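Notebook open, structure loaded. I'm jotting down what I looked up, starting with charged pairs.

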Amino acid sequence: MKPDEFDARLSQIETDWKMILDASRGAEIGHKRAIQTFFDQYSRAVYRYLLGAVRDPDAADELFQEFALRISKGSFRNADQSRGRFRAYLKSALINLVIEYRRKVSKKPGSIQIEPSEFKNPAAELEAEFTRTWRNELLSRTWQQLEEVDRRKGRSYYVVLKFQTEHPQLTSTAAAEQLNVRMQGKRPAFTAAGMRKTLQRARDKFAEMLLDEVSKSLQDPRLDELENELVELELDPYCRSALRRRRGE
């Protein structure tokens, strides 16, 4: 699915969700606000996961709506959002939803029959897909934030860091020369020394932003829990120096 199509479908189902939420007269205001906050923060990751798991946009739309309805009925009220458990709860809920979908599909005429015993535990592939989706969503948000900060403050952190990740083999001199050609007239020319300095600052800024993004998903965690989450998501290589700074080391 192309990015524009993905964004269009997600926008539509988010609009549908808000209509459902507004219509749920029985829910208290605080619960509605909590649900809306949840969707503002996690809807993209949830939809990306469902789309990747079922490989069918229409089915992903349907599962997203089912997921939203379950949340509106309070299925997440008992979720422990502290110390990283919320992500585990969310992962389990989505995996079970996908397994239910696969079971229904397998029972349709002409489908390959799957034994119930195969559904005793969540499939490893679904867990791995969820982790990849969650990790990529956190990275994507951080890139977007870095780009936005550059626009507001007239910096080049995003441009330099993105260029370096796309061309890791280039020396500072070669990177400066190529980036100057690409950015001709849009900013002052880079020198090799300026490229290295900007790149280091960009890495530090990206790491701090990524730590903040992961922290938000953990509901104000302790530093040791934040570190565990980074390791589990294989994001720790991006953030080691920033995490040491936060520890005061």
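**Salt bridges, then packing**

I started with Glu227 and Arg247, whose side chains meet in a salt bridge at 2.6 Å, N to O (a side-chain nitrogen of Lys or Arg within 4 Å of a carboxyl oxygen of Asp or Glu). Glu227 sits in helix α9 (residues 223-232) and Arg247 in helix α10, 20 residues apart (helices are DSSP runs of H or I, at least four residues, numbered from the N terminus).

Housekeeping: this is a predicted model, with local features needing pLDDT of at least 70 and side-chain atom pairs 80 or more, while totals for chains, interfaces and linings use all residues. Residues are numbered from 1 along each chain as its sequence is written, and side-chain values use heavy atoms, leaving out hydrogens and water.

I checked another pair: Arg245 bridges to Glu208, closest N and O atoms 3.4 Å apart. That pair links α10 to α8, 37 residues apart.

Next I looked at how those two helices pack. The axes of α8 (residues 192-217) and α10 (residues 236-247) come within 8 Å and cross at roughly 80 degrees (axes are lines fitted to C-alpha atoms over the stretch in contact, angles running from 0 to 180 degrees between N-to-C directions). So I logged α8 and α10 as roughly perpendicular (65 to 115 degrees).

Glu127 is in α5 (residues 124-153) and Lys91 in α4 (residues 85-106), so the pair ties together parts 36 residues apart in sequence. I noted 18 salt bridges in the count.

Definitions and conventions:
Angles under 35 degrees count as roughly parallel, over 145 as roughly antiparallel, 65 to 115 as roughly perpendicular and the rest as oblique.
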